[in-house]
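Subject: Structure handover

Hello,

Here is the structure I said I would pass on. Please open it first, then read the notes below it.

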2 protein chains.
Amino acid sequence: MALATAETTPALDFGPAVALSCRECGTRYDLGPIFACAECFGPLEVAYSWTAPAAAEATVTREQIESGPTNIWRYRGLLPVPGDVASRPNLAPGWTKLVKADNLARELGLRSLHVKDDSGNPTHSFKDRVVAIALEAARNFGFRTLSCSSTGNLAGAVAAAAARAGLDSCVFIPSNLEEAKIVMASVYGGRLVGIEGTYDDVNRFCSELIGDPLGDKWGFVNVNLRPYYAEGSKTLAFEIAEQLGWRVPDQIVIPVASGSQLTKIDKGFKELIRLGLVEDRPYKIFGAQAQGCSPVSTAFKAGHDIVRPVKPDTIAKSLAIGNPADGPYVLDIARRTGGAVEDVTDAEVVDAIRLLARTEGVFAETAGGVTVGVLRKLVANGLLDPEAETVVLNTGDGLKTLDAVSAEARPTAVIRPSLDAFRTAVADNS
Amino acid sequence: MALATAETTPALDFGPAVALSCRECGTRYDLGPIFACAECFGPLEVAYSWTAPAAAEATVTREQIESGPTNIWRYRGLLPVPGDVASRPNLAPGWTKLVKADNLARELGLRSLHVKDDSGNPTHSFKDRVVAIALEAARNFGFRTLSCSSTGNLAGAVAAAAARAGLDSCVFIPSNLEEAKIVMASVYGGRLVGIEGTYDDVNRFCSELIGDPLGDKWGFVNVNLRPYYAEGSKTLAFEIAEQLGWRVPDQIVIPVASGSQLTKIDKGFKELIRLGLVEDRPYKIFGAQAQGCSPVSTAFKAGHDIVRPVKPDTIAKSLAIGNPADGPYVLDIARRTGGAVEDVTDAEVVDAIRLLARTEGVFAETAGGVTVGVLRKLVANGLLDPEAETVVLNTGDGLKTLDAVSAEARPTAVIRPSLDAFRTAVADNS
């Protein structure tokens with residue numbers, strides 16, 4: 001299959017990536033800005049040289065990784081990026097903290113718990129990981145404008161990455177997003193377009209735009225660059241395993257929006273096992289949704305294989321995808337690994353944000369409230385083993401969803417600057 | 001000098017720290033929760049074992065540091081903390097990015113520029129560094145409550161660190177702070193008290209409280225723990241030098257609130273030189289203030305040695321200290337190193353925030369707008385050498401001061417999800 005942009009990009013450099021491969025039927029394609037199989041419409045995934053026996057000498061080792069930079073580029077040998085990616089202008093995300101959460105573990109009755117806290121990324125969400133990979137693909141294909149449909153975090157990540165890389169950007173969001181996400185997506189100087197509708201409306205609009213002369217020369221990170229973009233989520237799996245001392249955790253709780261992140265974390269664990277970087281042990285993957293947008297959780301509980309779209313209504317706006325593209329794969333993975341998909345109410349989301357903040361000093365976005373809330377629920381309903389090594393993801397930052405907690409997170413007292421006033425206030429509160 | 005808390009803390013462990021020493025008269029004191037010299041009322045600083053010849057074998061090497069964790073504890077041998085500090089529950093701040101800012105350098109006409117971006121810290125400001133050191137001192141002295149007066153960032157850092165360490169907290173802020181800082185300081189579950197007044201009023205109140213039975217058993221990180229706390233800012237100097245390849249930059253632009261950070265970065269560079277970890281080369285230190293609170297800049301320009309207090313009126317609230325404790329030291333250092341202290345208007349602060357975001361994808365707090373704005377001004381007025389290696393600090397996060405840019409950082413357009421609507425909007429904007 002010839003590349004449409006081959007004339008303008010004579011020397012593609014995707015490092016160890018060698019092809020795109022259909023997840024459904026296995027048909028292979030040359031690396032290009034395509035995302036769906038021409039045979040069966042299945043999603044395309046990146047395939048690597050280290051799956052071929054001839055490339056054994058180039059296989060990645062722990063030592064190579066450990067001597068790399070403290071960001072996702074330490075895993076460049078496992079990603080579709082050129083070897084010199086670390087020296088190119090990008091946001092260098094990743095290597096976020098894996099917080100040993102003993103206080104939270106105690107409250108929940110767990111023996112061993114870590115929080116993978118992706119609020120430490122440059123624009124304070126895990127989206128910096130996926131965008132960094134998509135950016136390299138956009139450069140390879142000669143795109144000068146970076147674009148996306150976004151529930152908010154992706155918009156900021158794309159706008160920031162484009163600014164630093166010297167590309168234009170034009171990002172699309174539902175117009176009713178949180179103020180912090182709107183300001184952040186705009187401040188980097190690219191174009192920001194609010195769409196009157198849900199994220200699913202925005203997504204449909206972008207699919208139209210990519211077929212129109214207005215948008216057909218753009219790199220939509222989560223549409224025509226999606227196979228590359230999605231690979232970025234594997235770095236969460238790589239980091240968690242390395243930070244645990246090269247070990248896959250027994251069980252992990254992951255938020256589900258489109259479902260892409262969860263499927264790629266599973267892919268990441270499998271690649272580590274296949275390359276002999278970690279021991280081949282079973283692990284369980286749990287998906288977390290907000291009740292107001294829980295099509296995958298609903299299907300899981302009903303034993304269905306297909307996911308029925310819903311109209312989202314939840315404070316967890318970054319997870320508010322009513323028609324999740326990778327929903328069926330999430331169901332597969334949760335069932336295959338012995339995990340589950342569960343959901344929590346908005347009130348439980350707020351409680352969980354405050355619980356995580358109070359116990360570990362980590363201020364999570366609503367999406368982090370969803371995962372911690374689901375973690376608590378999974379312990380309560382016995383689906384999660386309290387004795388097993390557990391990891392829960394916080395994929396975003398509380399500063400972006402202040403409204404979720406601002407009614408309750410208020411000053412204990414407001415007083416004049418005098419000891420008497422303080423004494424009275426303390427007495428009032430004791 | 002005996003410690004008041006000696007009965008409850010039989011085994012103080014401050015690692016390489018051996019005493020407190022008066023910055024003015026040199027009188028030495030046992031390590032304790034004290035901050036002013038009993039002889040001359042000068043500020044006390046931490047003194048270390050590696051200043052004594054007998055301790056030569058314990059001197060810190062580059063190799064020791066480089067093999068340490070990717071946070072400030074890699075420098076534990078240069079800080080007043082126990083050797084096992086990395087394994088204790090704390091926020092493990094630091095090792096934030098030193099961003100090679102080629103785009104910004106080009107716009108400003110500089111040859112070599114880096115942004116030290118401390119928005120990557122756990123609570124997204126440099127304050128996590130100083131609090132982490134103060135926390136260890138509080139543990140050493142047996143304090144069960146952590147407290148502070150704060151312009152906002154410190155409040156969140158103290159509340160988060162106390163939550164993770166299992167200590168109580170009670171933090172004091174001016175009641176008119178930014179919403180994001182109020183919510184963040186409250187969400188970790190400690191007590192948050194708003195004071196009707198300026199930061200200087202809050203600070204005076206805390207000095208009273210520490211002499212009252214209500215507060216005399218508390219660890220005020222920036223009052224009775226200040227000598228330890230202040231040492232945390234040295235880690236900015238250590239990281240910058242190490243990230244430049246073990247080299248002190250030619251010139252650096254640092255924000256000035258109390259002035260403590262600037263003086264300790266200077267101390268950090270001097271310690272690296274003294275220990276032979278970097279070459280002994282001259283460097284210039286520049287201080288940055290907002291015009292609405294520029295007592296140190298005013299004194300610098302007038303050639304004065306004393307700093308006359310002002311009543312702050314600026315959007316850079318995290319720098320709004322009208323009576324800066326270390327102001328005279330800032331003047332000394334700027335003059336001794338051949339630097340300067342400069343100030344910019346609030347409008348220049350907003351412009352600089354947007355400039356940094358647009359060129360490097362870094363969304364800074366107003367304090368970062370102050371330093372970048374001052375950097376631009378120093379280039380324009382010839383005080384800064386455009387050929388020399390330059391570092392500018394961003395000490396906080398744009399998400400905490402959204403109001404500064406929210407009027408201008410808006411969507412380009414808000415449209416229905418249709419190509420026609422987009423075509424019209426694009427035409428309108430082209």
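About 2,600 Å² is buried between domain 1 of chain A and domain 2 of chain A, and carbon and sulfur atoms give 48% of that area. On the side of domain 1 of chain A, the residues that lose the most area to domain 2 are A:Trp50, A:Asp128 and A:Arg129, which together account for 25% of what that side buries. Keep in mind that this is a predicted model.

The contact between them involves 29 residues of domain 1 and 35 residues of domain 2.

Four salt bridges are counted between the two domains. A salt bridge also joins the side chains of A:Lys264 and A:Glu45, at 2.7 Å from N to O.

Which elements give two or more residues to the side of domain 1 that touches domain 2? They are β3 (44-48), α3 (127-141), α4 (153-165), α5 (179-187), α6 (199-209) and α7 (226-231) of chain A. The largest share, four residues, comes from α4(A). By class, this side of domain 1 has 13 nonpolar, seven polar and nine charged residues.

Regards

Definitions and conventions. Residues numbered from 1 in each chain as written. Chains lettered and ligands numbered in written order. Predicted model: local features only at pLDDT ≥ 70, side-chain atom pairs only at ≥ 80, totals over all residues. Heavy atoms only, no water. Contact = heavy atoms within 4.5 Å. Buried area = accessible area lost by both parts, 1.4 Å probe. Nonpolar A, V, L, I, M, F, W, Y, C, P; charged D, E, K, R; others polar.
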